[in-house]
Amino acid sequence: MQNGIKSLFCDKQEEECGVFGTFAPRQNAAEIAFSGLLALQHRGQESAGIAVSEGNTVHIHKDMGLVTQVFSKERLASLKGHIASGHVRYSTTGSSLLANAQPLLVRYRQGYLALSHNGNLLNAMNIREELEQKGHLFQTSIDSEVIASLIAQLDKGDVEKAIEGCMDRIKGSYSLVITTGDKLFGVRDPNGFRPLSIGKLPEGGYVLASETCGLDAVGAEFVDDVQPGEIVRIDARGLSRRKACKQGEKALCVFEFIYFARPDSDIDSSNVHLVRRRFGAQLAREHPVEADLIVPVPDSGISAAMGYAHEAGMTYSEGLIKNRYIGRTFIQPNQAMRESSIKIKLNPIRKVLAGKKVVVIDDSIVRGTTSGKIVRMLREAGAREVHMRITSPPVRYPCHFGIDTQTSAELIGHSHTPEEISKVIGADSLNYLSMEGMYKASNLDIDEHCSACFDGDYPLPVDTVEHNKLALE
Ligand code: SF4
């Protein structure tokens, strides 16, 4: 995080990245990728990039900022070709710098490849040291470069085989989109931590996207999810797919449903909005409260608040309005503004809240700072009582799989009971959705999801050292 730039959602599990790829014969791949990345913008707002290839030529443009800030019409027009890889980034390893923006372009003896990565490697440091000892020079401080370099090193004329060899070596979470001069690849780690979907374009060709909302944005028809441990290859002969390594314990991140993904996306055939509604309904059954209004913290609390209100037979109302035009990060020039940062993002509707007993629905509490500000904001707007209900269990453990998580010590749920947190944030009451309730109500299979930030049961062995996103710097 750069000086003076602070995330508005510093009290949330920070998102990771969005990846998009297309193989679109006789079409403008850059324009398709641009539209796809716009739909995935919520997954990363620090930088954006597109690499477009065709035969021996590759064009790439990436910069800091939102997709619309990075790409002008002229810039897009200069990216000619029918195969594209695109990326929106939130930094989970390495600083928020242009050098760390993706896609990563690697030129090597067999040609070139452009790689976009969503996830986090657990053994990047070891592999990087090994490659450095062989004389390899690294340009960035991100783990994704380790993947690109390893593939380049292993490629003896068959890039797919090299990707497979790379998958044997790397550990952790990765959903990858890789392009070469004539091929597009989609790759998902053996546990399937991060989503990746395949779509078919109406005018021929295919797309790959972190979420199905990225397919919808370009008019693509959903084909399937890339399966854990699978390599999907798309080229002039069409689409082929194969298991490149044995599937591990399936461990899709449950936080995709709680907070990260867009409600209009389907992940593993489950619609995110409907899952969140069921979380909310279950929360109402587990922790009812007599109140006048159910108010969501927008946007991720909206679907769950609807579910809570419907189940409880209570009134749902917008009570906090989110400014949707400032993105996730902004420059805070002084301490006074830093203190009031939440007011830039959220504003209460006083005439709705005044004199009311309010149940406020949020998706999670990480540090507790934002929750405290929201409770204060609701009280200042005249709410008589503020009861907070959270649509996930307490976050107690750090994530090692692609989320910029805090250390355990920073997680308020690690050291405080819900009653204590309620006092810290100044609420009249605070309750969380239970783990059993979360899975039972949503029909998600607990054995196929990672919920390690709630119970510490990591699907892969993780270092005892806390995750350090600047480890490769
Ligand atoms: S620990 Fe697991 S459930 Fe929690 S954010 Fe990371 S991948 Fe998702």
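The model is predicted, and the protein in it has 473 residues, of which 53% are buried. Its secondary structure comprises 18 helices and 25 strands.

**Overall fold**
- Among contacts between residues at least 6 apart in sequence, 73% join residues that are at least 24 apart.

**Packing of H9 and H10**
- Helix H9 spans residues 272-286 and helix H10 spans residues 302-312, and their axes come within 6 Å of each other while crossing at roughly 45°.
- Because of that crossing angle, H9 is oblique to H10, and the crossing in which H9 passes H10 is right-handed.
- On the H9 side, the residues that meet H10 are His-273, Arg-276, Arg-277, Arg-278, Phe-279, Gly-280, Ala-281, Leu-283, Ala-284 and Arg-285.
- On the H10 side, the residues that meet H9 are Ser-303, Ala-304, Ala-305, Met-306, Gly-307, Tyr-308, His-310, Glu-311 and Ala-312.
- Sorted by class, the residues in the contact of H9 with H10 are nine nonpolar, five polar and five charged.

**Surroundings of the ligand**
- The ligand is surrounded by 12 residues, and the closest of these are Cys-253, Cys-399, Cys-450, Ala-452 and Cys-453.
- By class, this shell around the ligand contains 10 nonpolar and two polar residues, with no charged residues, whereas the contact of H9 with H10 includes five charged residues.

Methods:
Residues numbered from 1 in each chain as written. Predicted model: local features only at pLDDT ≥ 70, side-chain atom pairs only at ≥ 80, totals over all residues. Axes fitted to C-alpha atoms, helices over the stretch in contact; angles between N-to-C directions. Helix = DSSP H or I, 4+ residues; strand = E, 2+ residues; numbered from the N terminus. Parallel < 35°, antiparallel > 145°, perpendicular 65-115°, else oblique. Left-handed = near helix turned anticlockwise from the far one by under 90°. Contact = placed C-beta atoms within 7 Å. Nonpolar A, V, L, I, M, F, W, Y, C, P; charged D, E, K, R; others polar. Buried ≥ 20, exposed ≤ 12 C-beta atoms within 10 Å, placed from the backbone. Near = placed C-beta within 6 Å.
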